[in-house]
Amino acid sequence: MPKTLALSTAISLLLLGAAARADVHPNALFSDHAVLQQAMDIPVWGTADPGESVTVTLNKDSQTATADNDGKWLVRLPAQKAAGLDAPATTLTIKGKNEITINDVLIGEVWLASGQSNMEFTVSKKVKSFAGMLNEDEVIAKADFPKIRMFTVKQAKSRTPLTTLSGAWEVCSPKTVPAFSAVGYLFARDLQRDIHQPVGIINTSYGAATAEAWASREALAADPRLKRYLDTFDSNLAAFDKNPQVTLGELPPEFPKPTPINKKRQPPTARLGNPVNDQHEATVLFNGQLNPIIPYAIKGAIWYQGESLTGGKTGLNTFGHLTSALITDWRTRWHEGDFPFLIVQIPGQQDISNNPLVREQQNQVLQLKNTGIACIIDTGEAKNVHPKNKEPVGERLDRLALALAYGQKIETSGPVFDSLTIDGNKAIVKFTHTDGQLVAKGGPLKWFQVAGADQKFHDAVAEINGDTVVLTSPDVPAPVAVRYAWDNFPDGANLFNKDNLPASPFRTDTWDYPIPGLVE
């Protein structure tokens, strides 16, 4: 055989062998600067050749798995103990036919951060036009916390559940923090200050996303109250598959397009488009941005979502149930029990999206174990759905985490309505979570209203008496119901407790509360 032909043949065989071998690839979460959850088994997974043996080593512990017929493998390393902020980083090695070394790995606390744009909202306005927190320059300059890391999942929507994702762990510094989720960063900063451990945040969020977009097909299909979200998606998908050029004006009524309650309906000439590309459609973000994270070991989740809802009045009245079903489904899939799930209650704002019924629906999740609500009714802006005062959000989520996840005996909530007593012309409202003292912050109490049997509410004079507020109004001689901060934008609502935590808006009635512009 001529030398040139032999050489060419040898090179071809080498290239063919290289192409035939699929190197071991871990999930992108297992990469340099990762934070792994302490005190629980650590799942590590990825892909390799079918039948390939893969060994994963962390410190002195190793586990081996064999890739299945689809080339997928998973090991569970034994629990590791966090050693505090002074402990050196370690390495994670993954070895099959090739070997990967993952450097600068920390053992600490990992929290999932998810929701819509107020979770996506970055520290600096230079990264996202709608973002930029108060005093961002000062916050950025002080963000020298190398034991805080954030993995920001690259946004992706999908028709079916994905198993891979894109993103990278970033070490917190003044250089990197501008692109961090502001709420995620502030929560991590405050939490690290209080527990003295490395903190990792996995930020998987998407602006304007609805809750059903983060729910799995199985969870929606199994619930008669929620199946309609899936039916809408499947109908729109069928219409698009049949005719990708179809317009809304050509669609029959059984093909409705999800429309957020705070947006006008699209004109009839608008293109339907591929429903998979719409973050208001069911399952698309669960498939694209959540499923690939499971079962990465986490301590808990923080969630900021609620400004985008679909389905008009019916969707609004289902929102609490939907969010609860989402929490239950996520917990089931993670196999970590009832991990803490901490929700940011949407603040005040004049738009229909921030109406009081949404906050009331959010409070329904408190019926689930190990859930908490961070009330931020005092941080809203009249005409900005993305308020810039994010410091209280991180601080109040931190309080909830300290209590629910780390067993600290601290106050986690502002005053919470407990009971109503009527004494003649007085409505006496009792509160829990007063921490021994109710506070009228900045002057006389505002935003209390009372109504009689005619269901017409009038402003009330409100006076604090121990753990109660006594309400009277000359227009309501025989009160039967009370509302507090019951408005889209209850500016100046000022009932707090001694820990400077605001009272959550509430009502004692169940009467119809019309929302102007809300579609039935």
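How many residues lie between β18 and β19 in the hairpin that they form? Five residues separate the two strands of this hairpin, and Gln455 in the turn has a positive phi of about 65°. The structure is a predicted model, in which local features need pLDDT of at least 70 and side-chain atom pairs count only at pLDDT 80 or more, whereas totals for chains, interfaces and linings use all residues. Residues are numbered from 1 along each chain as its sequence is written, and side-chain values use heavy atoms, with hydrogens and water left out.

The chain contains ten helices and 24 strands; helices (H or I, at least four residues) and strands (E, at least two) are DSSP runs, numbered from the N terminus. The C-alpha trace spans about 110 × 65 × 40 Å along its principal axes. For 520 residues, a compact globule would have a radius of gyration near 24 Å, and the 26 Å of the chain agrees with this; the radius is taken over C-alpha atoms, and the globule rule is 2.2 Å times the number of residues to the power 0.38. Buried residues account for 54% of the 520 residues, where buried means under 20% relative accessible area, exposed over 50% and partly exposed in between (1.4 Å probe, protein chains only). Of the contacts between residues at least 6 apart in sequence, 72% join residues at least 24 apart, contact meaning heavy atoms within 4.5 Å.

Strand β18 (residues 448–451) has antiparallel pairing with β19 (residues 457–459) over three bridges, and two strands are taken to pair if DSSP finds at least two bridges between them. In this pairing Ala451 stands opposite Phe457. Strand β18 also pairs with β22 (residues 481–484), in the antiparallel sense and over four bridges, with Val450 opposite Val482.

Five bridges connect β20 to β21 (residues 468–472), and Ile464 stands opposite Val469 of β21.

In a regular strand the side chains alternate between the two faces of the sheet. Strand β3 (residues 42–47) runs antiparallel to β6 and is joined to it by six bridges; Val44 stands opposite Val75.

Aromatic pairs number 17, counted where ring centres of Phe, Tyr and Trp (its six-membered ring) lie within 6.5 Å; planes under 30 degrees apart count as stacked, over 60 as edge-to-face and the rest as tilted. Ring pairs link Phe30, Trp45, Phe151, Trp169 and Tyr296 into a cluster. Charges over rings were also identified, requiring NZ of Lys or CZ of Arg within 6 Å of the ring centre and within 35 degrees of the ring normal. The charged end of Arg228 sits over the ring of Tyr229, 4.5 Å from its centre, and Lys390 lies over the face of Phe121 at 4.4 Å from the ring centre.

Asp329 is located in helix α8 (residues 312–334) and is buried, with a relative accessible area of 12%. Apart from its neighbours within four places in sequence, Asp329 is in contact with Ser216, Ala219 and Phe286. Asp329 and Glu218 are 111 residues apart in sequence, but 8.8 Å apart in space, C-alpha to C-alpha.
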